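Hi,

Here is the structure I promised to pass on.

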Amino acid sequence: MKKITLLTAALLVGLTAFAETKITYSFDNDVAGTTAITPPAANTSILTANGGTAGVVSYAGNDMTSNCLKMYTGGVKNLTGVLNLNSFPSNATDYSVIWKEYLSVASEAKFGVLLRGNNPSQDANTGYAPGIMEGYYVMAYINSQLQLAGRIYKTSAAAGLTRLDPWNSSVYTISSIGTPTWLKATVSGVSPVTISIACSTDSVAWNTLLSFNDASATPYTSGSTQLVWGIAAQTNDYRLDNITYYSSSVPTGVEATKTSPVVVSEEYYTLTGEKISHSLNDLRGLYILRQHLSDGTVQSSKVLLK
């Protein structure tokens, strides 16, 4: 049986071309604790001047028990924590970030991802919070009634946070604490740049909360990804799992942004998502390969088995 992996290259099958990048923080290989640690998880970092804290915990959600990332405190400025996702490409262009989120208490929560980030502010005198990059900040805002809405901001060292959207986000009601909600932030294009946020109850069917086109003369065109939480909210009692970078293309030099972790386990799935539980020896055709790496990340790719 010959296996051809398509993670970092395109392969023509008939007239169809496949090329994609998918990188996941599953936290499965991180040690779960009960306090914040430095770094909070493998291949993450928080600028010391920021002051935000986080760590990996074991959390029993209504659907399963798994390792999740917990934010303990916001940062020293605007109660805002900023965490770098160092496994994700630093030159990303058109991509989505998907994450699974649990609320542990019914309280206001502000959390999201900064897309196409560059030029981080390094101290309390520039930007909205130390360490936050200039880019598009896509926030999931949840109030104490468990109502979820989207917000979209542009960040800069000079102006801090500038809200872009017209305050007309759709509202989704989370059924209960401990029930997972999936969020997806997407950025694409250059003139204009389209930024959106969507939510899901199963990570399959998505409801768009908000979309905005930035047609300004100073768009952000590529960069890194950060987690940003707090934004003056007093409570950060939520858990994050399976934070995933997805792009239908492979950024130039993406391999150079990663370390060289070891594959510790592999799983195969059909294109419809069914896990293969029997021997692979007799399989032929196109499948999804999911690899768990020693640094805690998970990579998925399309493979052709012959």
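Below is what turned up, going from the overall picture to single residues.

A word on ground rules: this is a predicted model, where local features need pLDDT of at least 70, side-chain atom pairs count only at pLDDT 80 or more, and totals for chains, interfaces and linings use all residues. Residues are numbered from 1 along each chain as its sequence is written, and side-chain values use heavy atoms, with hydrogens and water left out.

**Overall**

The protein has 22 strands and 0 helices (DSSP runs numbered from the N terminus: E of at least two residues for strands, H or I of at least four for helices). Of its 306 residues, 52% are buried (under 20% relative accessible area with a 1.4 Å probe, protein chains only; exposed is over 50%, and partly exposed is in between). The accessible surface is about 13100 Å², and carbon and sulfur atoms account for 52% of that (Shrake-Rupley method, 1.4 Å probe; for residues, only the protein chains shown count as cover). If you take contacts (heavy atoms within 4.5 Å) between residues at least 6 apart in sequence, 65% of them join residues at least 24 apart.

**Cores**

In soluble globular proteins, nonpolar side chains tend to be buried together. Here the largest nonpolar core has 46 residues, and the ones touching the most other members are Leu69, Trp99, Leu227, Leu240 and Ile243. (A nonpolar core is a set of buried Ala, Val, Leu, Ile, Met, Phe, Trp, Tyr and Cys residues joined through side-chain atoms within 4.5 Å.) Another core lies apart from it, with 13 residues including Ala129, Met133, Tyr137 and Tyr141.

Back to Ile243: leaving out residues up to four places away in sequence, Ile243 touches, among others, Tyr25, Phe27, Phe88, Trp99 and Leu227. Tyr25, Phe27 and Phe88 also belong to one aromatic cluster, together with Tyr95 and Tyr245. The structure holds 9 aromatic pairs (ring centres of Phe, Tyr or Trp, the last by its six-membered ring, within 6.5 Å; planes under 30 degrees apart are stacked, over 60 edge-to-face, the rest tilted).

**Charges**

There are 6 salt bridges (a side-chain nitrogen of Lys or Arg within 4 Å of a carboxyl oxygen of Asp or Glu). One of them joins Arg116 and Asp94, with the closest N and O atoms 2.8 Å apart. Arg116 is in strand β10 (residues 109–118) and Asp94 is in the loop between β8 (81–85) and β9 (95–103), so this pair ties together parts 22 residues apart in sequence. Buried or exposed? Arg116 counts as buried at 0% relative accessibility, while Asp94 is partly exposed at 37%.

Asp237 and Arg239 form another salt bridge, at 2.9 Å from N to O. Asp237 is partly exposed at 23%, and Arg239 is buried at 10%.

Asp165, buried at 3%, pairs with Arg163 in a salt bridge whose closest N and O atoms are 2.9 Å apart. Arg163 also lies over the face of Trp167, at 3.5 Å from the ring centre (NZ of Lys or CZ of Arg within 6 Å of the ring centre and within 35 degrees of the ring normal). Lys154 does likewise over the ring of Tyr220, its charged end 5.4 Å from the centre.

**One serine**

Ser196 is in strand β16 (residues 193–200) and is buried, at 18% relative accessible area. Beyond its neighbours within four places in sequence, Ser196 contacts residues including Val138, Ile152, Lys184 and Leu210.

Cheers
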